[in-house]
Amino acid sequence: MRTLKKYRAALTKSRLFFVSTSLGLLFASCTKDVEYTVENEGTIYMAQSYQNVAAVTLFDIDSIQDIYFGASYGGLQYPGADIPVSFEVDESLIATYNAQNGTEFIPFPASSYTISGLQTVIRAGRADSDPLKVVVTAKELVLGQPYMIPIKMVSAGSGIFNENLSVSYFRIDSLIRRERDITSQGTITVSNENNGGPTHNEGSLKLIDGDLATKYLTQTYAPNMWFQLKFPSAQIFGAYTFTSANDADTRDPKTWRLEGSNDGSTWTTLDTRTDFSFSERTQTRRFEFDNTTAYTTYRVVLVANNGASIFQMSEWRMIQYY
């Protein structure tokens, strides 16, 4: 629905542009009961060819998403009869676009989209055609890769064809992943607690308090110690973050694995990091992993730190895509 609203807004904006180009002529005329026309009267064009209205935002989610396009009738009047309009997808235009704009777009994979149709009609008495749509399955696209679908208007009945506004380059600079941090919904426990307990000013609760100025510290570090989050219901996560603490990088995590479990005894390894190091203090680093199974409990097994007899970390957050 949002993309359809964007399509309609583009049509309105473009028509206002065409009308405004000749308002001076209109107001300079006498106030007779006459029918005004402008030089672009009856021009058939694609509103999505304007500026950045063809820049598309897609979310990396399972559901399909729609991109709308169509044709418009320029000027102050409306067509007296239906005008059939035809389009085509012309991927050969991508290379020229890239050369002119210094970009690196590639065509949408054929498996990632379908088009509702390439013919429509600007109906008599209306300024805009019935909309057509590209139905995109974003899961077929690769994160970080810019994509493009050039849609070209190839005929418009007997209407005046505007060659300069006949191509819309629907482009995705990158997919957007919708995400949320639901760390606070989990209950944290650790194998090696701070000597002062979990509520101490460097106790385990500080590991998920959302404050980078605090930290969890245990004076009894041992290889394969762990800290974990248990959630009220099973959750699927796709990323997590660690934030280094304020001092002594020898206390930082170095090698670890992230595991998931639904019974607290059988664990599945979801991510492994080896010989990692932070480049600065209170630095947040993000780690992504592939997983489609929901678990109630996620734990980090700390295989090794950087050599100290103490372990510390400012923050651990779990990120969910949706």
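Select D247 to begin: in this predicted model, the residue has a relative accessibility of 30% and counts as partly exposed.

Next, select R299 and E259. Their side chains also form a salt bridge, here at 2.6 Å from N to O. Colour the two strands to see the setting: R299 belongs to strand 20 (residues 295-305) and E259 to strand 17 (residues 253-261), so the contact ties together parts that are 40 residues apart in sequence. Both partners may then be examined for burial. R299 has a relative accessibility of 16% and counts as buried; E259, with a relative accessible area of 5%, is buried as well.

Move on to R273 and D271. The closest N and O atoms of this salt bridge are 2.8 Å apart. Are the two residues buried or partly exposed? R273 is partly exposed, its relative accessible area being 24%, whereas D271 counts as buried at 9% relative accessibility. The 20% limit for burial lies between these two values, so the residues are classed apart.

For the last stop, select R177, E179, R286 and E288 together. These residues are linked in a network of salt bridges. A general principle applies to every stop: side chains of opposite charge can pair when their charged atoms come close.

To place these contacts in context, how many salt bridges does the model contain? The count comes to 16.

Methods. Residues numbered from 1 in each chain as written. Predicted model: local features only at pLDDT ≥ 70, side-chain atom pairs only at ≥ 80, totals over all residues. Heavy atoms only, no water. Salt bridge = Lys/Arg side-chain N within 4 Å of Asp/Glu carboxyl O. Buried < 20%, exposed > 50% of the residue type's maximum accessible area, 1.4 Å probe, protein only. Helix = DSSP H or I, 4+ residues; strand = E, 2+ residues; numbered from the N terminus.
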